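Please read them with the model open.

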Amino acid sequence: MKHHRLPLLFLGVITFIIFVVFSYLVHKNIFTALDFDTTVRLQNKIPEIFITPFSFLSLLGSVEIVSIILLIMLVILRKLRAIFVLFFFGMIHIIELFGKAFVTHPGPPFMFHKYDLGFTFPSSYVQPGSSYPSGHLARTAFIAVLFAFIIYGSKRFSKTQKQLLYCSITIIVCLMFVSRVYLGEHWLSDVIGGSFLGSAMGLLSIIFI
């Protein structure tokens, strides 16, 4: 195994265990009050001018768009063992569907919904039950981990350029995180869980790069 694989395997497994434990706590409704309060505060504090930009960001995090981005990445970076990366990307959605079917966690009521675009992708109509975890954050975290690792190992970028790229990735993830709660699509616990899930699968997929 390459020198980076064992630490990544350990980190990926630990992150997934955290996701499982966090999922159990969500199922036990530990974060109900925090979820509600966070949504109310974000919607009160963030101006409504952000509704449309956040709605476009929501489209960007859909299964359809992220899948295209991932496939383009795999084609350009031929050294990636695509089948393994796609396997863990697929596992995100299997675990997401399992969580939404078995973790009792109803999503935000309609009064919180702010999505204002007249278009949605077909994947938006798949509603297996609860809202946990957030697939948008899982996919975003997965892609972010892959991009960060590829940037880290690239010799094309200077140290300053890498830092700027890391900051850009972090900002995008944070915006997606906030937007899902602000738009009333998910609770805070949903996006936290999705972040753990996507990060874990991303770390495990890197092992095969």
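This is a predicted model: local features need pLDDT of at least 70, side-chain atom pairs count only at pLDDT 80 or more; totals for chains, interfaces and linings use all residues.

1. Local features are taken from residues with pLDDT of at least 70, and side-chain atom pairs count only at pLDDT 80 or more.

2. The second largest pocket holds about 350 Å³ of space. Its lining has 15 residues, and those closest to the centre are Leu 77, Ile 150, Ser 154, Arg 156 and Phe 157.

3. Three helices, α4 (63-76), α6 (135-153) and α7 (159-182), are the elements that each give two or more residues to the lining of this pocket. The most comes from α6, with 4 residues.

4. What is the make-up of the lining of the second largest pocket, in nonpolar, polar and charged residues? There are 9 nonpolar, 3 polar and 3 charged residues.

5. The structure contains 12 aromatic pairs. Among them is Phe 19 with Tyr 132, a stacked pair with ring centres 6.2 Å apart and 5° between the planes. The planes count as stacked because the cut-off for that class is under 30 degrees.

6. Which parts of the chain does the pair of Phe 19 and Tyr 132 link? Phe 19 belongs to helix α1, while Tyr 132 lies in the loop between α5 (82-102) and α6. The two residues are 113 residues apart, so described as distant parts of the chain.

Terms used
Residues are numbered from 1 along each chain as its sequence is written. Side-chain values use heavy atoms; hydrogens and water are left out. On a 1 Å grid over the protein atoms alone, a cavity is a set of points where a 1.4 Å probe fits but cannot get out, and a pocket is an open set with protein on both sides within 12 Å along at least five of seven lines; lining residues have an atom within 4 Å of a point. Grid points are joined across faces, edges and corners, and a volume is the space filled by probe spheres set on the points. Ala, Val, Leu, Ile, Met, Phe, Trp, Tyr, Cys and Pro count as nonpolar, Asp, Glu, Lys and Arg as charged, and the others, Gly among them, as polar. Rings of Phe, Tyr and Trp (its six-membered ring) pair if their centres lie within 6.5 Å; planes under 30 degrees apart count as stacked, over 60 as edge-to-face and the rest as tilted.
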